[in-house]
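Here's a quick briefing to get you started. Take a look at the sequence and the 3D view, then read on.

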Amino acid sequence: MGKDTGFLEYQRKNNTDVPPAERIKNFNEFHKPLDTEKRREQASRCMNCGVPFCQSAMNLGGMFTGCPLHNLIPEWNDELYRGHDEHSFARLHKTSNFPEFTGRVCPALCEKACMCGQYGDAVTVHDNELYLVETAYEKGYIKPFIPQIRSGKKVAVVGSGPSGLAVADELNHRGHNVEVFEREDEIGGLLMYGIPNMKLDKKVIKRRRKLMEDEGVVFHTNVNVGKDKKAMEMLSSFDAVVLCCGAKKERPLPVADPAKVKGVYNAVDFLTSTTKALMGSKDTKVTSLAEHGGYIDAAGKNVVIVGGGDTGNDCIGTVIRHGAKSVTALEMMPKPPVERAANNPWPEWPKTLKTDYGHEEAIHVFGSDPRVFETTVKSIETDKKGALKSIETVKVTFKEGKLVEVPGTEKKLKCELLLIAAGFIGCEDYTAEEFSLKRTQRGTVITPEGSYNVEGTKLFSAGDMRRGQSLVVWAIAEGRACAKEVDEYLMGYTN
Ligand SMILES: Cc1cc2nc3c(=O)[nH]c(=O)nc-3n(C[C@H](O)[C@H](O)[C@H](O)COP(=O)(O)OP(=O)(O)OC[C@H]3O[C@@H](n4cnc5c(N)ncnc54)[C@H](O)[C@@H]3O)c2cc1C
Ligand code: SF4
């Protein structure tokens, strides 16, 4: 274990954040790392529990807690505490392909199950992970791993989000020839066009792409499979085809259709337009964004965001950086408690109120939390040119398991920009139809229990497309497990 008395001697210390007043002036990442000595102290708090719930990924009370990658957390915390950074990173890399992504955006399911967190503060697993991977890049511990022997088998991966990248990484390291097809101009899926720059600098994805290319993975961007390339062609040219196309079909808001009303957008389209503008820019200052037009601008507008979660929060942070006049975030669910409820004990995932970076920034700029709970949009009003002018909200409540409006609670809000972040309802139709995939009612691809294979075919599927909208860490875990099955399919065994 780290230090016998580490958890008694040292308090938890997070990476420090640039204060909201400063960080909203640009789109830079804003978590500043601790110095190395402090980082080792944090690692020394790990108690190397006999039963490390942190690395277990258990489904408790319908939600997962513990790391889905089964990262060997106590092991690498111990090595980190002792100053063996290279070995510590090797233990981390054994189970995790891309700690630079999870070390930035993972909600740290591990920390929610950390034994230290039962009575005090959890170990800073997430920040320790980021330290290790960034040190590994800096010190050259990460080098291209080029397989000495190639199997001669060809695998196509469609979609380059974290699940597709994990499949490609694993199968390439195993010696198969992997080609990744991506319809966007850049790889990364929602890591690139979805999650904003301040949470994940896009240079981090480009650094990984370069490494994977040096190792032999071939990326084809701007290729939309199903449109530019047909399923038959893919299936006849490759020994296996893995579909990792995500779950980007947005849940519609019945009263406001982005295709019909000016000023209504799906959240991911809005976030993507900002990232694309920044990609064309030399720096990430808010002013330079405006120099690179073509993005959906929130400056001077009253913005309403429908839906909470990561997507809603990312929209809040982004519109604040644009210079929105006001921001309101509507959530249908009741406000969760600040502390764990009695029926939600450790180590279950805590169903508590999370005040994320966007909420903090809104509180700083506008003086109050932007979230309005148990509320939805009832109707919208447009001007003579069809542009959004205002919305009518209404309170909602659950009655006999159904969500119903509360009469007399209607309110009018000025709103020139409405962003829909109401969740996703599965993979897009055209890809599923092109490959004749059967889907669940949730719009996810059907594979047999515990398998990633589309029964009776050389097709496989992983990530949000199979699992439904989830997390980066789950996409990587699915990609790894799927790659193992593909390898077995190709070789008759897997190691
Ligand atoms: C705004 C937002 C913020 C989020 N924040 C977080 C967070 O902070 N932490 C976290 O853990 N998770 C977060 N998530 C969820 C996370 O991003 C996803 O769960 C994860 O990216 C899923 O990975 P994936 O590889 O399955 O799919 P995706 O990342 O969606 O990638 C799918 C890729 O397939 C491509 N594609 C689709 N169809 C085709 C086709 N026919 N031909 C070629 N290419 C195709 C798409 O262009 C895309 O690049 C967030 C999601 C959103 C929307
Ligand atoms: S990937 Fe996420 S859950 Fe796993 S150790 Fe890292 S931060 Fe924790």
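Contact here means heavy atoms within 4.5 Å. This is a predicted model, where local features need pLDDT of at least 70, side-chain atom pairs count only at pLDDT 80 or more, and totals for chains, interfaces and linings use all residues. Residues are numbered from 1 along each chain as its sequence is written, and side-chain values use heavy atoms, with hydrogens and water left out.

**A nonpolar surface patch**

- Met332, Met333, Phe398 and Leu403 make up a nonpolar surface patch with about 370 Å² of accessible area together; such areas come from the Shrake-Rupley method with a 1.4 Å probe, and for residues only the protein chains shown count as cover.
- Patches take residues with over 30% relative accessible area and no salt bridge, joining like charges within 9 Å and nonpolar side chains (Val, Leu, Ile, Met, Phe, Trp, Tyr) within 5 Å; a salt bridge puts a side-chain nitrogen of Lys or Arg within 4 Å of a carboxyl oxygen of Asp or Glu.
- Methionine 332 sits in the loop between strand E11 (326-330) and helix H16 (357-366); helices (H or I, at least four residues) and strands (E, at least two) are DSSP runs, numbered from the N terminus.
- Methionine 333 is in that loop between E11 and H16 too, and at 48% relative accessibility it counts as partly exposed (buried is under 20% relative accessible area, exposed over 50%, partly exposed in between, with a 1.4 Å probe and protein chains only).
- Setting aside neighbours within four places in sequence, methionine 333 touches Phe373, Glu374 and Phe398.

- Strands E14 (residues 388-399) and E15 (residues 402-405) pair antiparallel over four bridges; to pair, two strands need at least two bridges found by DSSP.
- Phenylalanine 398 has leucine 403 in E15 as its bridge partner.
- Two residues lie between the strands of this hairpin, and glutamate 400 takes a positive phi near 50°.

**The open sheet**

- Five strands form an open sheet in the order E9-E17-E10-E11-E12, with parallel pairing.
- Strand E9 (264-266) and strand E12 (371-372) are at the edges with a single partner strand each, so one side of each has no neighbour in the sheet.
- Strand E10 (residues 302-306) runs parallel to E11, joined by five bridges.

**Helix H9**

- Twelve of the 15 residues of H9 are buried, so the rest of the structure largely encloses this helix.
- The cover over the buried residues of H9 includes helix H3 (36-44) and helix H11 (202-215).
- Just after H9, glycine 140 has a positive phi of about 80°.

Definitions and conventions
Chains are lettered from A and ligands numbered from 1 in the order in which they are written.
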